[in-house]
Structures are given as structure tokens and as C-alpha cells.
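The following note sets out points for a colleague who is reading the coordinates alongside the sequence. The points run from the overall fold to individual residues.

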Amino acid sequence: MSDRDVFEYALLRVVPRVERGECFNAGVVVYCRAKSFVAALTHLDEVKLKALDPSADVVGVRAALHAVEGVCRGGEHAGQAAQDDAGRRFRWLIAPRSTVVQPGPVHTGLTADPRGEAERLLALLVR
């Protein structure tokens with residue numbers, strides 16, 4: 001029996017000007033069904049944001065990233081998703097959208113520590 005469980009993750013991309021399609025990674029959402037775990041970790045690189053759009057709303061982009069973190073936490077931070085389980089919140093967050101913060105494709109792997117995996121992916125793919 002393995003001590004690792006399947007997990008899924010998607011990168012959060014910031015697309016300052018949707019019409020141009022330029023983006024950079026600003027976070028990761030990790031979901032592990034076996035552990036009923038969902039979390040988002042984010043890091044906004046303001047230099048990259050301003051390089052792609054000098055007039056970008058830094059406060060607004062940061063608020064959008066924090067909103068994703070809140071949905072993952074559940075409870076009062078999740079708004080309409082407050083009563084949803086971890087899987088439904090993850091699926092809602094990874095649904096395609098045409099906004100400044102967009103989810104990338106979903107990838108899978110195995111992990112014994114979903115929280116640690118989120119931190120590893122943030123360091124590897126975002127920072």
C-alpha cells in the first residue's frame with residue numbers, strides 16, 4: 001500500500017491585458033481528494049505585472065489572487081462556495097474564464113503531503 005495519494009494542481013496565471021494574451025504564473029491551486037484538501041498559494045511579482053501592463057491595477061490583481069485563496073479555505077472566506085466540499089471548490093476555481101487571473105491546465109501527481117506539494121510547486125513554478 002502506497003503512502004502517497006493522487007493530487008491535482010493548476011497554476012494561476014495573471015493576464016493583465018486579456019486581448020494580448022501575455023501572462024505569467026502567480027499561484028498554484030492544489031487538490032487531493034483522498035485528504036479532502038484544497039489550497040491555493042499565491043505570489044504576485046509586481047515587476048512582471050508592470051512590465052506587461054504599466055497601468056495594471058496591482059491592488060485589484062492581488063485581491064483576485066487572495067479571493068482564490070479564500071475560496072480554497074472555505075467558510076466565510078469562500079462566498080457562495082462556502083458550503084461546497086473541497087472538490088467542488090477546486091473544480092469551480094479551475095473552470096476556464098476570461099479574467100485577469102486565470103487557471104492553467106490541470107496536472108496530476110502523487111504526494112504524501114499536499115500542503116508541502118503546494119509549497120514546492122509555488123517555489124518551482126511561480127517564484
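1. The radius of gyration used here is taken over C-alpha atoms, and the globule rule is 2.2 Å times the number of residues to the power 0.38. For the 127 residues of the protein chain, a compact globule would have a radius of gyration near 14 Å; the chain has 15 Å, and therefore agrees with the rule. The model is a predicted one. Its C-alpha trace spans about 50 × 30 × 20 Å along the principal axes.

2. As to secondary structure, the protein chain contains 4 helices and 4 strands. Their order along the sequence is β-β-β-α-α-α-β-α. Of the contacts between residues at least 6 apart in sequence, 61% join residues at least 24 apart.

3. Burial and surface may be taken together. Of the 127 residues, 45% count as buried. The accessible surface of the protein chain comes to about 7,200 Å², and carbon and sulfur atoms account for 51% of it. The chain carries 17 positive and 16 negative side chains, with the centres of the two sets 2 Å apart.

4. Which residues touch the most other members of the largest nonpolar core? They are Val14, Val29, Val38, Leu44, Leu49, Val61 and Leu65, in a core of 25 residues. At least two residues of this core come from each of β1 (5-14), β2 (24-32), β3 (37-42), α2 (58-73) and α3 (86-94). Helix α2 gives the most, with 6 residues. A second, separate core has 13 residues, including Leu11, Val28, Ala39 and Leu121. In soluble globular proteins, nonpolar side chains tend to be buried together.

5. Val29 deserves a separate entry. Not counting residues up to four places away in sequence, Val29 touches Glu8, Tyr9, Ala10, Leu12, Val38, Ala39, Ala40, Val68, Cys72, Phe90 and Leu93. Val29 is also one of the residues that touch the most other members of the largest core.

6. Val58 belongs to helix α2. Its relative accessible area is 15%, so Val58 is buried. Apart from neighbours within four places in sequence, Val58 is in contact with Leu44, Glu46, Leu49 and Lys50. Between Val58 and Glu46, which are 12 residues apart along the chain, the C-alpha separation is 7.1 Å.

7. Beyond residues up to four places away in sequence, Glu117 touches Phe7, Leu110 and Thr111.

8. Asp3 lies in the segment before β1. With a relative accessible area of 61%, Asp3 is exposed. Leaving aside neighbours within four places in sequence, Asp3 is in contact with Thr111 and Ala112. Asp3 and Ala112 are 109 residues apart in sequence, yet their C-alpha atoms are 6.0 Å apart in space.

9. The phi angle of Ser36 is near 50 degrees, a positive value in a residue other than glycine. Ser36 counts as exposed because its relative accessibility is 59%, the cut-off for exposure being over 50%.

Technical notes
Residues numbered from 1 in each chain as written. Predicted model: local features only at pLDDT ≥ 70, side-chain atom pairs only at ≥ 80, totals over all residues. Heavy atoms only, no water. Buried < 20%, exposed > 50% of the residue type's maximum accessible area, 1.4 Å probe, protein only. Contact = heavy atoms within 4.5 Å. Areas by Shrake-Rupley, 256 points an atom, 1.4 Å probe, with all protein chains shown as cover. Lys, Arg positive; Asp, Glu negative; His and termini not counted. Charge placed at Lys NZ, Arg CZ, Asp CG, Glu CD. Core = buried A, V, L, I, M, F, W, Y, C linked by side-chain atoms within 4.5 Å.
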